[in-house]
Amino acid sequence: IEIITAYGKAGGASKTIRLEVVRPVPPPITSTLYSKQDITFNGGGSQKAYGTDNCSVTPDLPPAYCLEDIILNSTPDFLGEPNVENGSIDIDIESYVDENKESATVIITGDQNGATYGSSIDFVTCYCNATSLVGGLKLQNVTGYGLLLVDGDLTLGGGVNWNGPILVTGTMTFNGGGSGINIRGAVLANYTIDINGGLDLRYDSCMIAESFSNSQSVRIISWHDNLDQ
């Protein structure tokens, strides 16, 4: 919790306002690609999942980690230590989405094709409540910098270039046609992940850190304006 205090004076009167705020809380990143259920690689293009840090700051992570099965119907290129893992680390993705969505600077209300969110010098936090969208949220030919939070299901099509972490409370589908899907950060999904077509996914601790940096919006948890003098 951080405290922000503001002072004001007018004539002989003065007022002090105090805010208690919290900054976005990052989830634990145990791998580049994380799912609580199955992760299935179906092929259809070049597929890379790298757990080596793209910005060479932190130690290697597994490129893929899930609580159930990693199914290889193709021959993806894995890089990391170890290559893939099954385990019992249960990340509460829903709670991290709930905690951080109030800091969202961009609200996505429907499917997008050709949109750009943020820039390399202006990271944003995007949120979508996809539970009311048929088939969930679909993004294609989209470029983004920052944190992407989705309540519900998410499908990424060809031409998606995202820099930062993606958190999904439902299922995650990669349909990387055309120029494929390129992600620098990490992906966490609450349910299954299906990978079809081209994918270049690389763990990037710098992109994750910038997405949760001090430049992002803070959430006010309480404020007091009864400090008149």
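How many bridges join strand S2 to S20, and in which sense do the two run? I started my notebook there. The model I am reading is predicted.

**Entry 1: the open sheet**

I looked up S2, residues 13–22, and its pairing with S20. Five bridges join the two strands, and they run antiparallel. I then picked out one residue pair. Val21 stands opposite Ile220, which belongs to S20.

Next I asked which strands make up this sheet and in what order. I found three strands in an open sheet, ordered S1-S2-S20, with antiparallel pairing. The edges are held by S1 (2–10) and S20 (219–224). Each of these has a single partner strand, so one side of each is left without a neighbour in the sheet. Neighbouring strands here are turned by 25 degrees against each other on average, direction ignored.

I noted the general rule for reference. Strands of a sheet pair through backbone hydrogen bonds, in either a parallel or an antiparallel sense.

**Entry 2: a nonpolar patch**

I searched the surface for nonpolar patches. Ile1, Ile3 and Ile221 make one of about 320 Å². Ile1 lies in the segment before S1. Is Ile1 buried or exposed? Its relative accessibility is 73%, so Ile1 counts as exposed.

**Entry 3: strand S16**

I turned to S16, residues 154–157.

Then I listed partners. S14, residues 137–140, pairs with S16 in the parallel sense over three bridges. Leu139 has Leu156 of S16 as its bridge partner. S16 also pairs with S18, residues 172–189, again in the parallel sense, over four bridges. There, Leu154 has Met172 of S18 as its bridge partner.

**Entry 4: cysteines**

How many disulfides does a search of the whole structure find? The search returned one. Cys55 is joined to Cys206, with an S to S distance of 2.2 Å. I read 95 degrees about the S-S bond, and the link is right-handed. The pair ties together distant parts of the chain, 151 residues apart. Cys55 sits in the loop between S5 (47–50) and S6 (64–66), while Cys206 sits in helix H2, residues 205–211.

I checked the exposure of both ends. Cys55 counts as partly exposed because its relative accessibility is 23%. Cys206 is also partly exposed, at 34% relative accessible area.

I then went through other cysteines. Cys66 has a relative accessible area of 0%, so Cys66 is buried. Cys128 counts as buried too, at 0% relative accessibility.

**Entry 5: Ser211**

I went back to helix H2, where Ser211 has its place. Ser211 is buried because its relative accessible area is 0%. I looked up a contact across the chain.

How values were computed. Residues are numbered from 1 along each chain as its sequence is written. This is a predicted model: local features need pLDDT of at least 70, side-chain atom pairs count only at pLDDT 80 or more; totals for chains, interfaces and linings use all residues. Side-chain values use heavy atoms; hydrogens and water are left out. Two strands pair if DSSP finds at least two bridges between them. Axes are lines fitted to C-alpha atoms, for helices over the stretch in contact, and angles run from 0 to 180 degrees between N-to-C directions. Patches are made of residues with over 30% relative accessible area and no salt bridge: like charges are joined within 9 Å, nonpolar side chains (Val, Leu, Ile, Met, Phe, Trp, Tyr) within 5 Å. Accessible areas come from the Shrake-Rupley method with a 1.4 Å probe; for residues, only the protein chains shown count as cover. A salt bridge is a side-chain nitrogen of Lys or Arg within 4 Å of a carboxyl oxygen of Asp or Glu. Buried means under 20% relative accessible area, exposed over 50%, partly exposed in between (1.4 Å probe, protein chains only). A disulfide is a pair of cysteine sulfur atoms within 2.5 Å.
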